Amino acid sequence: MTVQPKTERVKEMFDHIAPTYDRLNHILSLSIDKIWRRRVVRRVLKLGAKEILDVATGTGDLAIAMSRKIEGSTICGVDLSPEMLEVARTKVLKLGLSERISLMEGNAEHLELDSESVDAVTIAFGIRNFENKEACLAELNRIIRPGGHLVILEFSNPTNPLINLLYRFYSHKVLPWVGGIISKNRSAYEYLPASVDGFPNPDNFAAIIEKAGYTNVTRRSQSFGIAQIYIAQKN
């Protein structure tokens, strides 16, 4: 039996849950995801980036937030899922941001973008879904201008035993149940905690970023370690 590549499985999964994705995201995270994205936006603003590539843009929440807060910015959002991008286009059009935000379908491991063409690349909750994270990081390094930055927001497992126990119960039991009821796709919300469990721990992932050719790699823990913001620079 032929095993479907992870890239195709992820694309089909997000296509299926696109209509309910935003509502579920905010319900299941108690809207804490909005706070994390705002912190990413503040970081990108401090870095002085104006031309930004938002990889795994999904329904466009981070691209929209950056466009609103970073004056003079232009953002290109890239995602595998055409259905997620369709939701993003509707939101961008409704907010009158079509001249500031462009959206395109694409695989982050092979992007049809010029080398050294953006000031910064952002990824929110997407890097763990890539089939070859090292290839993706190398491709993004190619696209970032010298001195530019990579900013990644991603889930992690808390190190505090009690918080980790509570988080794992919620993510492995409550999240798939609620997500399955609303989206009619329980497997997609079983995939989320499984993908977090399979992702490198924060120190190891920071080392992977550095190995991909970035310098000044730092990370900031969010909400007791439930998420991390990684920041790295291209020389």
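For my own reference, a crossing is left-handed if the near helix is turned anticlockwise from the far one by less than a right angle, and right-handed if clockwise. Helices here (H or I, at least four residues) are DSSP runs, as are strands (E, at least two), numbered from the N terminus.

Two reminders on the source. This is a predicted model, where local features need pLDDT of at least 70 and side-chain atom pairs count only at pLDDT 80 or more, while totals for chains, interfaces and linings use all residues. Residues are numbered from 1 along each chain as its sequence is written, and side-chain values use heavy atoms, with hydrogens and water left out.

**α6 with α7**

I looked up the geometry next: α6 (residues 161-183) packs on α7 (residues 186-197) at about 155 degrees, the axes being 6 Å apart. α6 is therefore roughly antiparallel to α7. Axes are lines fitted to C-alpha atoms, for helices over the stretch in contact, and angles run from 0 to 180 degrees between N-to-C directions. Angles under 35 degrees count as roughly parallel, over 145 as roughly antiparallel, 65 to 115 as roughly perpendicular and the rest as oblique.

I then listed who touches whom (contact means heavy atoms within 4.5 Å). Among the α6 residues are Tyr-167, His-172 and Trp-177, and the α7 side includes Arg-186, Tyr-189 and Pro-193. By class I noted 8 nonpolar, 5 polar and 4 charged residues in this contact. Ala, Val, Leu, Ile, Met, Phe, Trp, Tyr, Cys and Pro count as nonpolar, Asp, Glu, Lys and Arg as charged, and the others, Gly among them, as polar.

**α1 with α4**

α1 (residues 6-28) and α4 (residues 82-94) pack at about 30 degrees, with axes 7 Å apart. These two helices are therefore roughly parallel. On α1 I found Lys-11, Phe-14, Asp-15, Ala-18, Tyr-21 and Asp-22, meeting Pro-82, Glu-83, Met-84, Val-87 and Lys-91 of α4. The contact has 6 nonpolar, no polar and 5 charged residues.

**α2 with α3**

Here the angle is about 50 degrees and the axes of α2 and α3 are 10 Å apart. That makes the pair oblique. Their crossing is right-handed. Arg-37, Val-40, Val-41, Val-44 and Leu-45 of α2 touch Asp-61, Leu-62, Ala-65, Met-66 and Lys-69 of α3.

**Second largest pocket**

I read its volume as about 380 Å³. On a 1 Å grid over the protein atoms alone, a pocket is an open set with protein on both sides within 12 Å along at least five of seven lines, a cavity is a set of points where a 1.4 Å probe fits but cannot get out, and lining residues have an atom within 4 Å of a point. Grid points are joined across faces, edges and corners, and a volume is the space filled by probe spheres set on the points.

Of the 14 lining residues, Lys-34, Arg-38, Asp-61, Ala-65 and Arg-68 are the closest to the pocket's centre. α2 gives the largest share of the lining, 6 residues. The lining has 4 nonpolar, 1 polar and 9 charged residues.
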